[in-house]
Amino acid sequence: MSVHLLRRVVESLLILLGISVVTFLLLYLLPADPARQIAGRSATVQTVENIREQLGLNLPLYQQYWHYLTNLLQGDLGRSYLQKTEVSELIAARLPATLLLMAGAIVCELIIGLTLGVISALWRNSRTDRVLTVLSFTSVSAPQFVIGILLLYVFAVKLHWAPISGYGTFAHLVLPALTLGILGAGWYARMMRSSMIDVLEKDYVRTARSKGLSRGRILFRHVIPNAILPIIAMIGIDIGMFMSGIVVVESVFSWPGIGQLAWQAIQRVDIPIIMGVTLVSACAIVVGNLLADMVAPLVDPRIRVR
Amino acid sequence: MKKHLLAPVALAVLGLAAPLPLLADDAANGGSMIVTYKDDVSTLDPAIGYDWQNWSMIKSLFDGLMDYKPGTTELVSDLAESHTLSDDGLTYTFTLREGVTFHNGRVMTAEDVKYSLDRVTNPETQSPGAGFFGSIAGFDAVASGEADSLSGVTVVDPQTISITLSRPDATFLHVMAINFSSVVPKEVVEEFGEDFGKNPVGTGAFELSDWTLGQHLIFSRNEDYWKEGLPNLDQITFEVGQEPVVALLRLQQGEVDIPGDGIPPAKFVEVSNDEQFKDFIIEGGQLQTGYITMNVKMPPFDNLAVRQAVNMAINKERIVRVINGRAVVANQPLPPTMPGYAPDYKGYPYDPEAAKSLLADAGFADGFETELYVYNTDPNPRIAQSIQQDLKAIGIDASIKSLAQANVIAAGGEPDQAPMIWSGGMAWIADFPDPSNFYGPILGCAGAVPGGWNWAWYCNEELDAKAIEADGMTDPAKSAEREQMWREIYLSIMEDAPWVPVFNEQRFTMRSPAVGGEDAIFVDPVHVPVNYDYVFSTAAQ
């Protein structure tokens, strides 16, 4: 087990290194010059040249990457080109908001997804099941900005049940977490449904029934706990999906997280911020997958490590 | 339903507001307001900040030697009490106001003015505004790194500073009013280094009391501000990361006082029809022109007749309708409120038939194919489509290249990449209200270099010489003559037709009933977007 863990950690580090190389290359091949962005429209050619030199943008690409990597290994993500602030400080200031949003989204998707999945499985092939199936597919395929704006319009603008946007209280969290979680809820509803159906047909359930246990007891003691196990392991993978969603959701709800930071940096070619946020997100995805891998054998001993 | 619920509140506020003072000078102090912006505030360092959202925040935190009368483009003395100009037009001597203190309590002196100018021109500061100071003697030595200090700037005594120029420059007092010349305290800049932009200390009406990155900034009244009775408000909260549409909804629910990004195009018709809020909409001109550039180095736009034909092919009124009439049609580079504008100039008429025959005479009877670069945010792609249709009508097949802002700017800075660019979203907004500011970087030879902003690559050396001559006329008595010279320069440019001037955008913003002040300060042409110092709270009156 520990050898396996070590191997997975080394693999993860290599993946992160690969991501840093690819992101770095892509950003520097962009047809937009960061030195010109910083220098502004009234700058002379000499000013632009000076800035390029100070930032080391005139060096060959491999040297620039090497500088970046050596600084990175010392925990230095550099300073933003336009804000002049430490990138690590900017990310640290916004990370709690993103983590809170992701936690909220996980709670939403589990509550909604698992409940709907159980209902679908119990009333399999009924009208309710069919309606829920359509709903799940809709939630999986609807773009998040559409869902976000719809929720905003109905619950904040029309009904005044939630604040329109902002950050700070529980009420502010509800709509963005719901928007981000609804996508996963659709998946979980489908997975929970099939997992439940599987378990409901198991011999031990039949045995429990023939022993005369009550329906509720069978459901809550034998069926749901067993059906839920394979799904819990999926949460790690969700983090990756959230990372792609937060850019949109944070922009719609003015949520001050790293997605919004990334979006603003992309518009202005602020390369150190884009690199920083990409690496932090990549770390989150890699760690999420690692956790999912580690948790899976614990909840289901049949998944053996090779 | 929302309307009915809010109506009594609004009426009550209006009732209270009845005896409101018209001028900010008479307004009682106190109260607070909330202003929102979409984009985060990058920095509050006056040597660095060059964004829509931080421009007037910096003006409220810092002061310079000169400023403008609120809501106008009229130059007035600010930290300088008075100034004189030597007979050769080269040396300005400024006498500073006594007893002005920084937010840290220290008295501001001429040494601080000198330090601030040395700092902004030093290449290590990486100021986007360094180029504005090119006429100060010793600028080249500082810009190239040979000197640390501008030789032309001399501290005469703690209250007097003299600035010598290397050439007469009629725009110099405007330069002393832009943010980049704000006076900063050396000891604080040195204490915070690159983080000064997050810990700004100036002499301005407000001081920064809290900044939660990515969320909000809080400005509090500077109790020792040297302008008596100002600022009016005790506190301003700037909330960032707020989409303009959301900001407007929040304003209508009483949660926000000013949407800093103005009224978004998509909501414009709706709010103008809203009985309750339509009286709180404020319209103002801005020193801006939206234009199409044609790269005169790229065939067939190297042909004057082709450029003139394009000028006659564009239906500008339809483009103004595309943006719900939020602009006025333009026929020359300068906006109407800029000195040097030619009110009698008729421009190229909209005449597709004449344009077609002009093209045919130039040897393009069958038209040609070209590319139109455009910044990819609304409404620019829609405007580009309108231009595309107009060009199609005279036989020109333009494919639209809709890209991120930085990529369009980069393409325009290459001599052979972008044949046509629609400037929307990146268009020139004047740094200061003087006709010269619309020339050098965007129409002069200096801007027609790789990485420059002269995307038409138009370079007319005769006009460059005339521009230098005009800017050498520093004698205030000759200002009308100078204005006339600039007028002639822009009309000569129109004869060469490197641009199609399309429109001058109007700004539309709103205020909540809870704040007041003259309309002009909410659409201030210089303290863009809002002159915060003069806004007052209606509850405090």
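Modeller: Zoom in on chain B, where B:Leu304, B:Arg307, B:Gln308 and B:Asn311 of H9(B) touch B:Met494, B:Glu495 and B:Asp496 of H16(B); contact here means heavy atoms within 4.5 Å. (Ala, Val, Leu, Ile, Met, Phe, Trp, Tyr, Cys and Pro are nonpolar, Asp, Glu, Lys and Arg are charged, and the others, Gly among them, are polar.) H9 covers residues 304-313 of chain B and H16 covers 479-496, and their axes lie 8 Å apart at an angle of about 100 degrees. That angle is why H9(B) counts as roughly perpendicular to H16(B). (Under 35 degrees is roughly parallel, over 145 roughly antiparallel, 65 to 115 roughly perpendicular, and the rest oblique; axes are lines fitted to C-alpha atoms, for helices over the stretch in contact, with angles from 0 to 180 degrees between N-to-C directions.)

Quick housekeeping: this is a predicted model, so local features need pLDDT of at least 70 and side-chain atom pairs count only at pLDDT 80 or more, while totals for chains, interfaces and linings use all residues. Residues are numbered from 1 along each chain as its sequence is written, chains are lettered from A and ligands numbered from 1 in the order in which they are written, and side-chain values use heavy atoms, leaving out hydrogens and water.

Now hop over to chain A, which has 13 helices and zero strands. (Both are DSSP runs numbered from the N terminus: H or I over at least four residues for helices, E over at least two for strands.) Its C-alpha trace spans about 85 × 55 × 30 Å along the principal axes.

Follow H5(A), residues 87-122, and you'll find H6(A), residues 127-141, packed against it at about 145 degrees with the axes 8 Å apart. The crossing of H5(A) and H6(A) is left-handed, meaning that the near helix is turned anticlockwise from the far one by less than a right angle (clockwise would be right-handed). Here A:Leu116, A:Ile119 and A:Ser120 of H5(A) meet A:Thr128, A:Asp129 and A:Leu132 of H6(A). Three of these contact residues are nonpolar, two polar and one charged.

H5(A) also packs against H10(A), residues 215-232, at about 120 degrees, with 12 Å between the axes. Because of that angle, H5(A) is oblique to H10(A). This crossing is right-handed. From H5(A) come A:Leu114, A:Val118 and A:Leu122, and from H10(A) come A:Arg215, A:Leu219, A:Ile224, A:Ile228 and A:Ile231. That gives seven nonpolar residues, no polar ones and one charged.
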